Amino acid sequence: MDTIVEVHSVTRTTQKPSNKKSHEKIDITRIDHITNVFTNVKSQLHARLVTSVLDIVKKNDKFRRITNRCFEYIPIMALCMDSNMSEHSHLFDELQEQLSSKFKSIIIKLQTIDQYSSIHNILKTTKNELNKFYPDKDPENKNVFFQLSKFIGIYNELKENEKRSLIFIIPEFESMNISIFENFINLLSLQIKSISISFVLGLSGGDHSLQRLVASRIASKLSIDTIYDSSARKYYEYIIKSLFLSESNEQFTITAEQLHFVDNGYFETFSLAWLEHALKFIAFSDSTIQPVNQLNICLFNAIYVSCNQLPNYPLGRYRSSFYESYLSNTPMFNELTLSVNSSTIHQLDTCLNSFIEHKCNENSLCIKYCQLAKKIFLEQEQQIADDTQTLSNTLRSVSDKKLNRYREQVFLWLKQICECFISPIINTSTKINENLLHERLVPMTRAIFIRELTENVNWKQRQIPDLALLYRVYTESGTKIPLSDWFDSFASLVEEQEIVDNDKDKSILARFVHGLAELDYLGFTKTSLQRSFHATKLTWDN
Amino acid sequence: MTTNRSVPIVVISSENIPNKIRNIDDIEYEVSQSFLPLKSTPSRKSKGRSLIKYKSAPPIPTNNDENNEIKENEFTRLHVISHILPRFPVRHGILKQKRKYTSKKKILTEKTSDNIMRPENMDKILLEPNLSNDDIDTKKKKKFKSNLIQLTPDDLHETALKIQEKSLHGKAHDYLMINILRGNEFDEWFRYLRAGFNILLHGVGSKKSLVSLFFKKYLKNEYLTFIINGFMPNITIKQVLQIISSHPDINANTLNSNEESIQEIIKRIEAKKLNIYLLINNIDGMNFRNTNVQNIFKLAAQCQYIHILATIDHIHGPLIWNQQSLTSFRWIWYTVHTWLPYIDETTNERLNTIRLKTSQLSISAVEHVIESLTPNARRIFRLLVEAFLANCNLKDYEGMKFTELYEQCKRSFYVNNEQNLRLQLIEFIDHRLIKLVKSTNDGQEIVRLLIVEQDIVKQLLDKLN
């Protein structure tokens, strides 16, 4: 019988030749580069959020100092991250560090579930932090529940320069029970006149994450500032630009197919960790890729802007298919035309403005197109300046010639960019195509397994294995499979393909039972021999 | 494969009217019209079945043309349409009338080799006992069960080895290298492992040999490697961590909490910059399926010096990870269909499959029972186990003698008297661990252990110790 763990130590001898493969150098510079890019982008975007929070805290602090008044509401700074909070743990560490160093505040971070599972635990954590600055002078109180009112009594007796504000940081607010939070706010609201209290909440979702808070009973006691400076799309844009569109030496190319896969995968899961893993795999796997269909700065910006700024239908929603089709040189401008034709002046203006804002660095062609965009924008601005306030600008007016002409110009401009920057398709030498990416990163293991079991093509020259024969009968059966009937069918299938002597019935039975055990082990059946000789089918497939 | 109840149908048609197929209802109707008395047969084979007994063949209506003569001794043909089709729709009026005169119907199930049958022969056939498919089924099931009971775990093990031998022809490595690995997969795997990715293998067939082949080609004598057999039913993460911690190159302290242990191991490895390889056979094994264990593996995977190559077999294997865990592992998935039989992996399932009539228990069940025993009971059971292991190689060894067991227990102060020992043994019998039998040699009482497999008994002894 096997041991649980086999241990194989290193036993190098001078005589035996060592494995050459282990001494081959592996180039992981690209992988390290990707890690650095991700860290930099995260810290760059986190810095923006930290700055926004610090600004708000500074403003509140100034108000209190100048007016010498307290707030009527508890200020809440809600950071809507639009992605998994576990990927942004450094943000809250940075926030804690900055707040504690720049302001005279006591920071209480409720990061584990235990800490905010009940009010008692929250108060316990608060007490631990407060004791660092205001040690408990009464030794008898050590074992008693923390009484906020008692603490406030002591706090009020302190001098002004000894007083510190309280800032609570809750990174994963959505995993906190709302009723516990409501009770806690009710408790704190009694004391806001004596002590400055504020909250910084982390929310994974977008706008809808705040609804729970806004709709709660304590909404009237809160003053909520939402900070939206972080979104999944923003992270993606910055990362792709830094990796493929920057001037750095570590730049590597990616094909349209690979970018399409990455784009689809990321916007399904909104997981930066997955994006990092997929990009590292692509970067490491195909180091010999020819620069075919190279992603270009201008093109990427134009596509990104047009997808995000033009109306949602049909462009904004199908971004990956849009630039995949353009990058693969298929002249499908229908979606672009439809989108431009259905957009208003304001939307077209925003599109052009954003593109000018996103202009690439020092790229001559990009600059040329930026100038062209500016020209269109200025021309139209003059012509339609009078119409900005009228309702007709918001309607799709077919008869509005000026609008049509403007739309036409924007459309031609976008088309020119796409056509100019799409290089002709050469037979790609890359082996990392979309199928392989799916196989390596997001395989459909169950479908692959069952396809292998059912395909008879592989077995034309050889005998079909027992497991495949058993599975064939399994698929045709109902929930409860009587074992004797199953055995009969199996035996007849075996006899069809092999010559079996009559005396060897037991060998077929042994093979059958072994196959049953294998199906049990693989999770297809649950065999019960103690009551009824049946196997229960556990999987159902087409 | 649902078993349809077979409903055999007899159809009688006449040569003179070749295309007309008359069903049994028509015949019954005609019979009822002609008021022929019908007797019921004495036996009733099954519920809902009835026999129609005809004294003579029912009259077959013919066109009474002047030109046509009714032939004497005309033959009737028996056409069995299908033995699985349901009956033709019954006319309720006829049914009511039938109930007056009929009590049973008899339906033929066999195909007749010659379709030509004389009326008097048909009577004989109809008068024969009811041949139903149910009888054949129960006979088959009984035969199947009796054959199954005779199978032993050794039979199954040998069968599995024969299946493997058939595909490998004794050369596992050649089979794998030629038939399964068609490219430079091993090279790729090694490159990815060294670059910081982890490899996960899936596909039909046992991948244990493949993993060991990879180890021999790339890791043997080069890197510290731990091959973890996750398919074993008695493996625990604590044991795995203890073995890894206790290795002299790592030398980490084993702590109470598993998470603390793995973090300690990671600290030591990072301090020494020691590359270690974990080859996990069945990371989706029975005892590895909970979140806590997978979190331990996740922490290990995130360390840059720990490289993991694992296999999964269960059809729902990937469900043990959520999206976040999946990305933390940094898996690169490879599909490898070896089609090798699962021999070592299915030990427990094979034993479970042939454990019949509740006379034997699975390993986990026995271990669970042992845990629930009192310390004294465990000591007594240990005596039995030790005696079994000492004598199991003897051919005629039936079990430990009751008197011998009593002597040993009395000497070690486990029991005061025979009655106490018997009470204890009754508890073991209730738990289906032992059986009290009379020896064939001298008629003495023998305590026979119901667990026959030596390996399992050795495991139990370790557990008891």
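Predicted model: local features only at pLDDT ≥ 70, side-chain atom pairs only at ≥ 80, totals over all residues.
Does Asn229(B) count as buried or exposed, and at what relative accessibility? Asn229(B) counts as buried, because its relative accessibility is 0%; buried means under 20% relative accessible area, exposed over 50% and partly exposed in between, with a 1.4 Å probe and protein chains only.

Residues are numbered from 1 along each chain as its sequence is written, chains are lettered from A and ligands numbered from 1 in the order in which they are written, and side-chain values use heavy atoms, with hydrogens and water left out.

Asn229(B) belongs to strand S5 (residues 224-229) of chain B. Helices (H or I, at least four residues) and strands (E, at least two) are DSSP runs, numbered from the N terminus. The side chain of Asn229(B) makes a polar contact with that of Asn281(B), at 3.1 Å. A polar contact is a pair of N or O atoms within 3.5 Å; within protein, one must be able to donate a hydrogen and the other to accept it, and residues adjacent in sequence count only if both atoms are side-chain atoms.

I turn to helix H10 of chain B. Its 15 residues, 258-272, should span 21 Å at 1.5 Å a residue, and the end C-alpha atoms are 21 Å apart, which agrees; the expected span is 1.5 Å times one less than the number of residues. At the start of H10(B), a side-chain oxygen of Ser257(B) comes to within 3.3 Å of the backbone nitrogen of Glu259(B). After H10(B) comes Lys273(B), with a positive phi near 55 degrees. Among the buried residues of H10(B) are Ile262(B), Ile266(B) and Ile269(B). Its buried residues pack against helix H9 (237-245), strand S6 (276-281), helix H11 (291-302) and strand S7 (306-311) of chain B.

Finally, the interface. In chain A, 84 residues are in contact (heavy atoms within 4.5 Å) with 78 residues of chain B. The buried area, which is the accessible area (1.4 Å probe) that two parts lose on being put together, summed over both, is about 7,400 Å² between chain A and chain B, and carbon and sulfur atoms give 64% of it. Across this interface, 13 residue pairs are in polar contact, both at pLDDT 80 or more. H22(A) gives the largest share of the side of chain A that touches chain B, 14 residues.
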